Amino acid sequence: MTDASAQALPEQQTFDVAIIGGGIHGAGVAQASAAAGYRTLLIERGEWAAATSRSSSKLIHGGLRYLESAQFNLVRHSLRERTLLLRNAPELVRAVPFYIPIYRHTRRRPWQIRIGLTLYALLAGLHPLARFRRVPQSEWATLPGLRREGLQTIFQYWDAQTDDAALTRAVVQSAAALGAICLTGCELQHSKEGGGLHRLQLRRDDHNWQCSARSLVNAAGPWVNEVAARCENGGPSRALSWVKGTHIVLPTAPPPTTKHGIFYLEAPRDGRAIFVMPWHGKTLVGTTEVEIDSPGAAPTADEIAYLLETLQFYFPQHPDTVLESFAGVRVLPADSASPFGRARESVLARGGHAAPIVSIYGGKLTTWRHTAEQVLAALRPALGYRPQRADTRHLPLPPMA
């Protein structure tokens, strides 16, 4: 059941798993929990995918750049999940060619890119999408608008693209089809632990109501510490950084610069990875990585200028009219290092006494199902086993508008 009316709220009911947060990770845990046979409640104070999960770079990928920081497990898990999503959600996730142009000024030399792509292919298990190639110069004309001055070579490999918000809604719908109760416009006020249960005080619209849960999952994304503070025995807050990623949307160049795929570019200013891609008939450029002091920041003029600078360096004739800009906030471990090189793996923090609480810190859009598996593994000793309703590795996702 999704978006039950206020009259149909599950007042005083007891759930096995209650999840706070309706982004991709909360949706994934709800699907995994319901598939495992647990009575599941998912609540979101806004709309599904209202924040970070609708403001990503729209990529389902292994994360080629994470090889530089030796995050091999993350890349391997991501590539496995990419394979599952391409099979289980073909109307939501599609394979796309990626192009890496190498210029005289490019910091990463062709031999380094070749080594990285070879390792990427090995971590993908030599899947058909693991193939890559050096694009012959005779084909460069098929990539219109790309700057030719100083261009030495172009590599092409494969990853995938999605609509992040539609994907999240599809996972919520899948969870509901498995029996989860999924409610938007519903906020946790506080929870108390006692008698092996979390007693939740919730508010939806102008209606206060209560229910109980044998376990609690905090999937509030950038607000994870705020939600933990509302839960008795929620565990100590973890030190984290809010890192803002800004994107811009522009008209597509005539002829469409990105109609053949996605460009993986090196920002001339600082060497960061920037993607230029097709998006609903327009061009999407992103992302930045800027540490901020609160989870609600908007794009700045400097960030927009940085992305435009990168786009126009590689595509000098591309229109520079910014139709839209948006920013998502991801959670990263607190660290003095640059956000670009920090770990992207999800971190699970445990709290609660007789009734467990698991808080999810960080994570990637691509690995939402793997993270949900980890959460269920952490809860299962307290919940026990139930007859399984489905295996999420083989569960098709319904297409969503």
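**A short tour of sheets, salt bridges and a pocket**

Hello everyone. Let's begin with an open sheet of 4 strands, which come in the order E1-E11-E10-E9 with mixed pairing. Its edge strands are E1, covering 14-15, and E9, and each of these pairs on one side only. Before going on, please keep in mind that this is a predicted model.

How many bridges join E9 to strand E10? There are 8, and the two strands, with E10 spanning residues 197-204, run antiparallel.

Now to another sheet. This one is also open, and 6 strands form it, in the order E8-E3-E2-E12-E20-E19. The pairing here is mixed. At the edges sit strand E8 (181-183) and strand E19 (347-351), each pairing on one side only. On average, neighbouring strands of this sheet are turned by 15° against each other, with direction ignored.

Strand E20, residues 357-361, is joined to E19 by 5 bridges, and the two run antiparallel. Here you can find Arg350 standing opposite Val358 in E20.

A helix comes into the picture too. Helix H1, residues 24-35, lies across strands E2 (17-20), E3 (40-43), E12 (216-218) and E20. Relative to E3, H1 runs at about 170°.

Next, the charged side chains. In general, side chains of opposite charge can pair when their charged atoms come close. How many salt bridges does a search of the whole structure find? The search gives 23, and I'd like to show you a few.

One of them is between Glu187 and Arg230, with the closest N and O atoms 3.0 Å apart. Glu187 is in strand E9 (residues 186-194), while Arg230 is in the loop between helix H5 (224-229) and strand E13 (240-251), so this pair ties together parts that are 43 residues apart in sequence. Glu187 is partly exposed, at a relative accessible area of 26%, and Arg230 is partly exposed as well, at 24%.

Another salt bridge brings together the side chains of Glu289 and Arg330, at 3.5 Å from N to O. This pair links distant parts of the chain, 41 residues apart: Glu289 is in the loop between strand E16 (282-286) and strand E17 (290-292), and Arg330 is in strand E18 (residues 324-333). Is Glu289 buried or exposed? With a relative accessible area of 11%, Glu289 is buried. Arg330, at 24%, counts as partly exposed.

Then there is Asp391 with Arg393, a salt bridge whose closest N and O atoms are 2.6 Å apart. Asp391 is partly exposed at 22% relative accessible area, and Arg393 is partly exposed at 42%. Salt bridges can also share partners, and in this way Arg45, Glu187, Glu226 and Arg230 are joined into one network.

Last stop: the second largest pocket. About 400 Å³ of space lies in this pocket. It is lined by 22 residues, and those closest to its centre are Leu64, Glu68, Arg108, Gln112 and Ile113. Which elements give two or more residues to the lining? They are strand E5 (93-103), helix H3 (110-123) and strand E14 (262-266). H3 gives the most, with 6 residues.

That's the end of the tour.

Terms used: Residues are numbered from 1 along each chain as its sequence is written. This is a predicted model: local features need pLDDT of at least 70, side-chain atom pairs count only at pLDDT 80 or more; totals for chains, interfaces and linings use all residues. Side-chain values use heavy atoms; hydrogens and water are left out. Two strands pair if DSSP finds at least two bridges between them. Axes are lines fitted to C-alpha atoms, for helices over the stretch in contact, and angles run from 0 to 180 degrees between N-to-C directions. Contact means heavy atoms within 4.5 Å. A salt bridge is a side-chain nitrogen of Lys or Arg within 4 Å of a carboxyl oxygen of Asp or Glu. Buried means under 20% relative accessible area, exposed over 50%, partly exposed in between (1.4 Å probe, protein chains only). On a 1 Å grid over the protein atoms alone, a cavity is a set of points where a 1.4 Å probe fits but cannot get out, and a pocket is an open set with protein on both sides within 12 Å along at least five of seven lines; lining residues have an atom within 4 Å of a point. Grid points are joined across faces, edges and corners, and a volume is the space filled by probe spheres set on the points.
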